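The exercises below are to be worked with the sequence and the structure at hand. Try each task before reading its solution.

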Amino acid sequence: MSDERSHGGVSGAAEKPGAAEESGAAEESDGAPESTFTVVVAAAANLGIALAKLVAGLISGSSAMLSEAAHSVADTVTEVMLLTALKRSAKPADEGHPLGYGAERYIWAMLASVATFVGGAVFSLYDGIHTLVQGEELGNPLISYLVLVVAFLLEGFSLRTGLRQVRRAATVLDVPAPHYLRRTPDTAVKAVVMEDSAALIGLVLAAGGLLGGQLTGSGMWDGIASVLIGVLLAYVAWVLGRSNAQLLIGRPLPEDVRAGIREELVAVPHIVDVVELTTLIQGPREMFIAAKIDFRDAASAEQVEQSCEEAERRLRERYPSVRRVYLDPTPGRGQRRRTAEDG
């Protein structure tokens, strides 16, 4: 505490989920390794699927299959970036980065969403429009159907892994799984679940394009399927990009959590009011809290220090994902008004 006017501390990694996690601000204590496993499973599945789709697309001449190959390549690149994000964001705080590296995961996750758009959506839209305009010669679709079935099984297994993690975290936090997925700052898991879901839908679209071409003898259906796959990937990239942008800019804890923080602070002896409260999600298991506190006028310097320690302890007990707490003793509104009048 400098000049007895501020108090702050840096804790180690949160070990348990807290009530703040209704916003997705924290997960189970083993969330990071579990997220890594989920991403590795998705990357391995997509790499094998991409090669199989490429071969099938070249043999069958299907633009939808080639679009799906581009989709899987983009997903593989995305997962490599997400693994990089998980590794780099886990580095501890140091002198050059006193608030840690947690936000770095959102930079890499943002790049991953760009890869999904450029590598998957743009290629699929181009290939689909080219097919609709120029037409295509349909080959034997049997190999494509076989690849689609295998890909569906592998993508389904990858999606199941991601959904299991989401459901476990949501159960621990006592919130609905869709709410958790929508609000969680663990963008690695969110990306895997959304991309695998899009992959399954894309496989159905590709199969529909192949079937339509078989029944009508026209490549138009394959082109339409490719365009729809491109639109689907553009939507996924937009949702993931927007989520990461919000977290990079700085997303506060939800209103009910901020109310809980105020409640804990004013319950501490010698604290009269919370003049100003600033909160920030720095990572899936990292919460930052800074507040201007109005202490009892008659409180001594020692009592102020003890109250700051008590406040930080209470906040960490209720919200174990709290990494940093900074409290600044500040005159209350009434005292500031009286000072202004006396002046």
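**Exercise 1. The cavity**

How many cavities of 30 Å³ or more does the structure hold?

Solution. 
1. The model is a predicted one, and it holds one cavity of 30 Å³ or more.
2. The space in the largest cavity is about 30 Å³.
3. Its lining consists of Leu-82, Ala-109, Ala-112, Ser-113, Thr-187, Ala-191, Leu-240 and Asn-244.
4. Sorted by element, two or more lining residues come from each of helix H3 (104-134), helix H6 (187-216) and helix H7 (220-249). With three residues, H3 gives the most.
5. Sorted by class, the lining has five nonpolar and three polar residues, and no charged ones.

**Exercise 2. The fold in outline**

State the secondary structure content, the order of the elements, and how far apart in sequence the contacting residues lie.

Solution. 
1. The protein has 10 helices and four strands.
2. Read from the N terminus, the order is β-α-α-α-α-α-α-α-α-β-β-α-β-α.
3. The protein has 343 residues, of which 49% count as buried.
4. Take the contacts between residues at least 6 apart in sequence: 79% of them join residues at least 24 apart.

**Exercise 3. The nonpolar cores**

Which residues of the largest nonpolar core touch the most other members, and which helix supplies the largest share of this core?

Solution. 
1. The largest nonpolar core has 26 residues, and those touching the most other members are Met-65, Leu-148, Val-166, Tyr-180 and Val-193.
2. At least two residues of this core come from each of helix H1 (31-60), helix H2 (63-89), helix H4 (142-173), helix H5 (177-183), H6 and H7.
3. H4 supplies the largest share, eight residues.
4. Leaving out residues up to four places away in sequence, Leu-148 touches Met-65, Leu-203, Ala-206, Ala-207 and Leu-210.
5. Another core, of 25 residues, lies apart from the largest one; Leu-253, Val-257, Leu-265 and Leu-277 are among its members.
6. As background, nonpolar side chains tend to be buried together in soluble globular proteins.

**Exercise 4. A residue of helix H1**

Is Ser-35 buried or exposed? Give its C-alpha distance to Thr-187.

Solution. 
1. Ser-35 is placed in helix H1.
2. Its relative accessible area is 0%, so Ser-35 is buried.
3. Along the chain, Ser-35 and Thr-187 are 152 residues apart, but their C-alpha atoms are separated by 9.5 Å.
4. Thr-187 is also one of the residues lining the largest cavity.

**Exercise 5. Around Asp-294**

Why does Asp-294 count as buried, and which residues does Asp-294 touch? Follow the contacts to Val-275 and Thr-330.

Solution. 
1. Asp-294 is part of strand S3 (residues 286-295). Asp-294 counts as buried because its relative accessible area is 11%, and buried means under 20%.
2. Not counting residues up to four places away in sequence, Asp-294 touches His-270, Ile-271, Val-272, Asp-273, Val-275, Thr-330, Pro-331 and Gly-332.
3. Val-275 belongs to strand S2 (residues 271-283) and, at 15% relative accessibility, is buried.
4. Thr-330 sits in the loop between strand S4 (322-329) and helix H10 (333-342). At 13% relative accessibility, Thr-330 is buried.
5. The side chain of Thr-330 reaches the backbone oxygen of Asp-328 at 3.0 Å.
6. Asp-328 and Val-275 are 53 residues apart in sequence, with 9.8 Å between their C-alpha atoms.

How values were computed: Residues numbered from 1 in each chain as written. Predicted model: local features only at pLDDT ≥ 70, side-chain atom pairs only at ≥ 80, totals over all residues. Heavy atoms only, no water. 1 Å grid on protein atoms, 1.4 Å probe; cavity = no way out; pocket = protein on both sides within 12 Å on 5 of 7 lines; lining within 4 Å. Points joined across faces, edges and corners; volume = space filled by probe spheres on them. Nonpolar A, V, L, I, M, F, W, Y, C, P; charged D, E, K, R; others polar. Buried < 20%, exposed > 50% of the residue type's maximum accessible area, 1.4 Å probe, protein only. Polar contact = N/O pair within 3.5 Å; in protein donor to acceptor, adjacent residues only side chain to side chain. Contact = heavy atoms within 4.5 Å. Core = buried A, V, L, I, M, F, W, Y, C linked by side-chain atoms within 4.5 Å.
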